[in-house]
Number of protein chains: 2
Amino acid sequence: MDEQHEARDVYAAVADPTRRKLLRLLAEADELPLHELTVHFEMGRTAVSKHLAILKAADLVRHRKAGRETRYRLNAEPLREIEDGVTFHTAFWNQGSAKLSQLLKEEEE
Amino acid sequence: MDEQHEARDVYAAVADPTRRKLLRLLAEADELPLHELTVHFEMGRTAVSKHLAILKAADLVRHRKAGRETRYRLNAEPLREIEDGVTFHTAFWNQGSAKLSQLLKEEEE
DNA sequence: ATAATAAGACACCTAGTGGTGTCATGTCAA
DNA sequence: TTGACATGACACCACTAGGTGTCTTATTAT
């Protein structure tokens, strides 16, 4: 569950509902310390901290120390990888297979 | 890795790179049997079959029997859940926090 | 009829994931 | 300055996930 040093798969990072909720909380509040995040979950502080470490490894979250607390902030940019990958499929789904070869060609360029 | 009966988290289903590649292959080929899918991976047929079972449980893939082979087909519709969830964040990221409260209000309606 | 092919169903193994609790350290308030 | 607070850093544990191999059954080709 750790892996703080090396880069992490963004897909895997958002695979966990707890981590998605964390992203949601951070999106709404802009910057939050660990203990304030923790109260929204039914798990211990350590567990939440580990989830944040995973989000950090995927660069979905940045942190800075502020006195005795560590404030976390959202960085949504890596989500674009997912957005791109997924809209590829949903576009295909919306427009029908006739358009797929076109999409594939555009991708090669 | 199994869980074929109950519904599966779509996010978790696409968290694995093997499964994303499966979706990609199915998007390009429209319908493929297990053994043809298997040749694209460096793992056994059983493993690929299990991955397909997970995609099935998330309703990302449909299957039908055709003679002695089982043909798999993409169903990209569940991906819209991810698309929606992710664009919520990326939109926030693109437009700046000024627009976030607006996005949140729209969501409540 | 027989042999080869495709796949389902298991049993099994290993590493990773998501939790826990505890201890040590730095910071703030009284 | 003393105690409470916030966090980091571990050690630890159960369960799941991603693989493997084997056996059986249904289907097709010769």
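In the hairpin that β2(A) and β3(A) make, with two residues between the strands, A:Gly67 takes a positive phi near 65°. Helices (H or I, at least four residues) and strands (E, at least two) are DSSP runs that are numbered from the N terminus. Within β3(A), A:Glu69 is the residue opposite A:Ala66, and A:Arg73 is the residue opposite A:Arg62.

This is a predicted model, in which local features need pLDDT of at least 70 and side-chain atom pairs count only at pLDDT 80 or more, while totals for chains, interfaces and linings use all residues. Residues are numbered from 1 along each chain as its sequence is written, and chains are lettered from A and ligands numbered from 1 in the order in which they are written.

**Chain A as a whole**

Chain A holds six helices and three strands, and along the sequence they follow the pattern α-α-β-α-α-β-β-α-α. The three strands form an open, antiparallel sheet in the order β1-β3-β2. Because β1 (32–33) and β2 of chain A stand at the edges with a single partner strand each, one side of each is left without a neighbour in the sheet. Helix α2 (residues 17–29) of chain A lies across β1, β2 and β3 of chain A and runs at about 90° to β3(A), where axes are lines fitted to C-alpha atoms, for helices over the stretch in contact, and angles run from 0 to 180 degrees between N-to-C directions.

Of the 109 residues of chain A, 26% count as buried, a term that requires 20 or more other C-beta atoms within 10 Å of the residue's own, with C-beta atoms placed from the backbone. An automatic or database domain assignment divides chain A into domain 1 (10–76) and domain 2 (78–109). Six residues of domain 1 of chain A are in contact with four residues of domain 2 of chain A, contact meaning that the C-beta atoms, placed from the backbone, lie within 7 Å.

**The sheet of chain B**

In chain B, three strands form an open sheet in the order β1-β3-β2 with antiparallel pairing. Its edge strands are β1 (32–33) and β2 (61–66) of chain B, each pairing on one side only. Two bridges link β1(B) and β3(B) in the antiparallel sense, and B:Pro33 has B:Arg71 in β3(B) as its bridge partner.

**Around DNA strand C**

A residue is near a strand if its C-beta atom, placed from the backbone, lies within 6 Å of it. Of the 19 residues around DNA strand C, A:Gly44, A:Gly67, B:Pro33, B:His35 and B:Glu69 come nearest. The elements that each supply at least two residues of this surface are α4 (45–57) of chain A and α3 (34–38), α4 (45–57) and β3 (69–74) of chain B, and α4(A) gives the most, with three residues. The table shows this surface by class.

| Class | Surface near DNA strand C |
|---|---|
| Nonpolar | five residues |
| Polar | eight residues |

Definitions and conventions. Nonpolar A, V, L, I, M, F, W, Y, C, P; charged D, E, K, R; others polar. Pairing = 2+ DSSP bridges. Contact = placed C-beta atoms within 7 Å. Buried ≥ 20, exposed ≤ 12 C-beta atoms within 10 Å, placed from the backbone.
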